[in-house]
Amino acid sequence: MAKKQPKSAQLDIGISLEHREKIVKGLSALLADSYTLYLMTHNFHWNVTGPQFNSLHNMFMTQYTEQWNALDIIAERIRALGFPAPGTYKEFVKLTSIKEVEGVPTANEMVQHLVTAQETTARTARSLFELVGDANDQPTADVLTQRLNVHEKTAWMLRSLLAE
C-alpha cells in the first residue's frame, strides 16, 4: 500500500514542496518576530510614563494595532503555502530573534527597544527575498515588501524621537 502524502505535499500552486517548506520556515520566524514586536509595543503602550506620555501612548497604540493586523496576513500566507502557522508562545520564543525586555524601561528606552525590534523584524523579512525570488513566489514577496515598508518607516519615526 502506498504511503499517503501529507496535504502540504499534495498542493500544486507552482511552487515546489521544498521551496514552500523553506519559505514557511522564514515566514514563521517573521510571524514570531512580528508577534513579539506586537507584545512589546502593547506593553509599552500600557506602561509608558513621563512628559511624552500622551504622544507615545497614542503612537504605540497605532503601531500595535497595525502590527496586530499584520499577524493575520503573515499567518494566512503560511496557510496558503500549505502549512500550519505557529501560534503558541512556546513556538514564538523558539523562532523569534527579538530579545524580550524585562521590567519597565523609561520612555526613551522604550523607544530605543522598539527601534531595535522594528529593525530586527525588517531584517528577518528582507532575509527571505532571495528564496522567495528563486521560488517565483510573488504573493510572499508582496507581503514582505509591505512589511519592510512599515518596519523601516516606523523605525525611522521612532529614531527621530531620540534625535537631539
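Gln63 lies in helix 3, which spans residues 53-80. The model described here is predicted. In this model Gln63 has a relative accessible area of 12%. This value is under the 20% cut-off, so Gln63 counts as buried. Beyond its neighbours within four places in sequence, Gln63 is in contact with Thr41, Leu114, Thr154 and Leu158.

Two of the elements in this region pack against each other. Helix 2 (residues 17-47) and helix 5 (residues 107-126) meet at an angle of about 165 degrees. Their axes are 9 Å apart. Angles over 145 degrees count as roughly antiparallel, and helix 2 and helix 5 are therefore roughly antiparallel to each other. Helix 2 passes helix 5 in a left-handed crossing. On the helix 2 side, the contact includes Leu30, Leu37, Thr41 and Phe44. On the helix 5 side, Met110, Leu114, Ala117 and Thr121 are among the residues that take part. The residues of this contact divide into 9 nonpolar, 8 polar and 1 charged.

Helix 7 covers residues 138-162, a run of 25 residues. From first C-alpha to last, helix 7 reaches 36 Å. This is close to the 36 Å expected at 1.5 Å a residue. The buried residues of helix 7 are Thr140, Val143, Leu144, Arg147, Leu148, His151, Thr154, Ala155 and Leu158. An α-helix has 3.6 residues a turn, so residues three or four places apart point the same way. The buried residues of helix 7 pack against helix 2, helix 3, helix 5 and helix 6 (129-134). Thr154 and Leu158, both buried in helix 7, are also contacts of Gln63.

Technical notes: Residues numbered from 1 in each chain as written. Predicted model: local features only at pLDDT ≥ 70, side-chain atom pairs only at ≥ 80, totals over all residues. Heavy atoms only, no water. Axes fitted to C-alpha atoms, helices over the stretch in contact; angles between N-to-C directions. Helix = DSSP H or I, 4+ residues; strand = E, 2+ residues; numbered from the N terminus. Parallel < 35°, antiparallel > 145°, perpendicular 65-115°, else oblique. Left-handed = near helix turned anticlockwise from the far one by under 90°. Contact = heavy atoms within 4.5 Å. Nonpolar A, V, L, I, M, F, W, Y, C, P; charged D, E, K, R; others polar. Buried < 20%, exposed > 50% of the residue type's maximum accessible area, 1.4 Å probe, protein only. Expected span 1.5 Å × (residues − 1).
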